[in-house]
Amino acid sequence: AYNPHPYPIQTVVDVSFTLADQNYGDSFTDFTVTDGGRTIPSQSVRPHATLSLDWIKRVVFVAELAPGSMRRFSMTPVIRPGMPRPDQPDGDAFVFQNEAMRAGIDLRTGLLTRYDVHGVPMIGGPALSLAVYRDNADPWAMSPKQQESIGAYEGAFRLMTAEESALHAGGHVGALAPVRVVEQGDVLTEVEAVFAYGASSARVVYRFYRTGAAFDVAVHLHNREADRVIRLRVPAAFSGALNADTAYGYESVPQNAQEWPMQKWVCLSGEAAELAIANDASYSVRAEKDTVEIVLARSAAHAAHPIHDRPLLPENRYTARIDQGELAARFRVSGGPAGGVLPGINRAAFVFNTPVFALCAFPGGPAAQAPEPLVALSGGATVVMASLRRVRGRFLVRLHNNHASPTDATLRCPLWNLELSLRFGPFEIKTLTVSAEGIQECVGMMTD
């Protein structure tokens, strides 16, 4: 497993591979994972390929990885009598709890109804619903009303019935619970819920980890709605300032239902708690009355420019829409005490968007010493590496302090035994060159 980041991380590694031989029997090949002879939490999960035999494998495990380096993990097969089946919840709710958080899903709605971190509530009502807003075909949102707020609330995706859920899954059975546990083990638990609205459907997967306060949400949307905005809605349990990620910094988001651009994350900071949402495919957010909404899709038309009072589109034929069809987005939700989430969210969002590389390999020959990383960063928890590239025989490193407070960090180059202490001002960007001759700080952003 390879950590591309210049700081140590603890993460869940996801690796896929095939067995040497196909197993056509009823037994199941599981694995134990070791790190330097020490057994670590691991779990077999459904592979991306679907074959009705025990051959294609996918394993997740918890790993601690050093900066910018590769680490070897060993997997040993263990034969089980059959494939493990997750326990299904009883009653009206599914509850998950670890040492840091407690979450609850209402089985009647499929929505998150509870998310507490160390006993402190983070959400103020049913969360992670897919809200639908009536819009128009203008992709630029040029009307005065749209400049204030895009779309009028129309409704929300509802939980499918058991019969609709079965049809959505392929129609192989007559009824299928619309909220169900699909993965359960020593690393994570996944709960799948399926929803419908008009001609559209959505599959939402909640992923809860055995350790830590954060959890993931994956939305798989089949959007057939025209002239609509679909947003992921999260009502917070507290009021506060809302900040959104932008290029080399973050900025305040007005909480007046106005659409606002963002990049990797958004964070609500209250007096006693903070709630952050990182994403991998969304670029717009809005907020009103402590409720944060992230845009999943806006199905306006291509280049439907408003001119006088003329119709936006021909009314006697079909016109294709933007953001229709199959869409996918992932989110990581993390809560914590005030001042405990915002400083680290940018680095966490980088790791979320640039996960660890894992490869199943069987190296032969004598054991070789792992190569030293090119660069490693220590201190300065708010500092991230925005870019690393080779330019004319040397390496160009761009670092950025993504916080309003100054901080100190140390950039090391173990390969050439180099080290440089750095002082960052608020939101400061530093560009450095690294070569065998030393580490040098550049003046300005541009360098050849």
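Reader: Which residues in the largest nonpolar core touch the most other members?

Author: Bear in mind that this is a predicted model. A nonpolar core is a set of buried nonpolar residues joined through side-chain atoms, and in the largest one, which has 57 residues, Leu112, Tyr115, Tyr206 and Phe208 touch the most other members. Leaving aside neighbours within four places in sequence, Leu112 is in contact with Tyr206, Phe208 and Phe215, and also with residues including Ile105, Ile123 and Leu128. Apart from this core lies another, of 36 residues, among them Leu19, Val59, Phe395 and Leu432.

Reader: How many helices and strands does the chain have, and how compact is the chain for its length?

Author: The chain contains 3 helices and 33 strands. Its radius of gyration is 24 Å, close to the 22 Å that the globule rule gives for 448 residues, so the chain is as compact as a globular protein of that length. Buried residues make up 49% of the 448 residues, and of the contacts with a separation of 6 or more, 63% are between residues 24 or more positions apart.

Reader: Turning to the surface, which residues form a nonpolar patch there, and why does Tyr2 count as partly exposed?

Author: The patch is formed by Tyr2, Met70 and Phe357, which together have about 340 Å² of accessible area. Tyr2, which lies in the segment before β1 (9-23), counts as partly exposed because its relative accessibility is 30%, and that class lies between the limits of 20% and 50%.

Methods:
Residues numbered from 1 in each chain as written. Predicted model: local features only at pLDDT ≥ 70, side-chain atom pairs only at ≥ 80, totals over all residues. Heavy atoms only, no water. Patch = residues over 30% accessible without salt bridge, like charges linked within 9 Å, V, L, I, M, F, W, Y side chains within 5 Å. Areas by Shrake-Rupley, 256 points an atom, 1.4 Å probe, with all protein chains shown as cover. Salt bridge = Lys/Arg side-chain N within 4 Å of Asp/Glu carboxyl O. Helix = DSSP H or I, 4+ residues; strand = E, 2+ residues; numbered from the N terminus. Buried < 20%, exposed > 50% of the residue type's maximum accessible area, 1.4 Å probe, protein only. Rg over C-alpha atoms; globule rule 2.2 N^0.38 Å. Contact = heavy atoms within 4.5 Å. Core = buried A, V, L, I, M, F, W, Y, C linked by side-chain atoms within 4.5 Å.
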